[in-house]
Amino acid sequence: MNKIGVISAMSFELSPLKNIVETTYVNSGYMFRISGIGRSCAVLNTIDLITRCKCNAIFNFGSCGSYGDKYKIGDVLVPNLVLDGDINYPPENTWRDPAAIYDCNQSELHDTETDDNTICLYTRSSFSDKKEYSASNYLEDMEAYEILNVCNYFHVPCYICKVVVNKICENSIQQFNDNLIEICNKNINKVFNELEYFTRKISK
């Protein structure tokens, strides 16, 4: 039986998902972890879930901001391109998620070429209140890239699921504070569906 670590930065994100899982399943095999906000917290807690807690798969759910008109507040999205937002997306620091991670054999990096179907997520060390990249539509968070890096190192499958709670603009922080709890609770069934999909995928 797979033991899946479910990791979020904040209790406002994780608690609704934990509640629905525990209501649906008995002895589900999921281990829940609140990492705290930021890249270093994400690294340390993902390593602990894999090494000490013996999780053999990681599901990351969290909130994110969006820039552009493509993604709306309340959208639940699974990024297929995750980049290091602190060094402005050089090709050598780009990872595919989640498809390339499923087989636990990822060995080649890919370039940053994107198309209309690419859901691009940048992980940054600070909260953004202005556009800083050339891409017209993208997402930002503060943990996913590091979680993916750890999972890749340990050859553990990983799935990233994000819900948009704010637009990247001058009042990003106010939007985040106003929307976080309501948006996470309102869309948690969609997130649960993604968790179930990931669970079935790695069980095949």
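Predicted model: local features only at pLDDT ≥ 70, side-chain atom pairs only at ≥ 80, totals over all residues.
I count a residue as buried when its relative accessible area is under 20%. By that cut-off, 53% of the 204 residues in this chain are buried.

**Overall layout**

I went through the elements and got 5 helices and 9 strands. Starting at the N terminus, they run β-α-β-α-β-β-β-β-β-β-α-β-α-α. I also checked how far apart in sequence the contacting residues lie. Of the contacts with a separation of 6 or more, 74% link residues 24 or more positions apart. The accessible surface came out at about 9600 Å², and carbon and sulfur atoms hold 49% of that.

**Cores**

Next I looked for nonpolar cores. The largest one has 28 residues, and Ile 4, Val 6, Leu 17, Val 21, Phe 59 and Phe 61 have the most contacts inside it. Strands E1 (4–8), E2 (30–34), E3 and E9 each give it two or more residues, as do helices H1, H4 and H5. Which element gives the most to this core? That is H5, with 6 residues.

I then picked Phe 59 and listed its neighbours, skipping anything up to four places away in sequence. Among the residues Phe 59 touches are Ile 4, Val 6, Leu 17, Tyr 159, Cys 161, Val 191, Leu 195 and Phe 198. Glu 194 is on that list too.

There is also a second, separate core of 24 residues, including Leu 49, Cys 64, Tyr 71 and Leu 148. As a general rule, nonpolar side chains in soluble globular proteins tend to be buried together.

**Strand E7**

I moved on to E7, residues 120–123. Cys 120 and Tyr 122 point one way, Leu 121 and Thr 123 point the other, and all of them are buried. In a regular strand, side chains do alternate between the two faces of the sheet.

What does E7 pair with? E5 (residues 81–84) lies parallel to E7, with 4 bridges between them, and E8 (residues 138–141) also runs parallel to E7, joined by 3 bridges. I followed Tyr 122 across: its bridge partner is Leu 83 in one direction and Glu 140 of E8 in the other.

**Helix H4**

Where is the kink in H4 centred? It sits on Asn 179 and is about 50°.

Asn 179 is itself buried, and so are Ser 172, Gln 175, Phe 176, Leu 180, Ile 183 and Cys 184. The cover over the buried residues of H4 includes helix H1 (11–24), strand E3 (57–67), strand E9 (158–167) and helix H5 (188–203).

Definitions and conventions
Residues numbered from 1 in each chain as written. Heavy atoms only, no water. Buried < 20%, exposed > 50% of the residue type's maximum accessible area, 1.4 Å probe, protein only. Pairing = 2+ DSSP bridges. Bend = angle between axes of the 7 residues up to and from the residue. Contact = heavy atoms within 4.5 Å. Areas by Shrake-Rupley, 256 points an atom, 1.4 Å probe, with all protein chains shown as cover. Core = buried A, V, L, I, M, F, W, Y, C linked by side-chain atoms within 4.5 Å.
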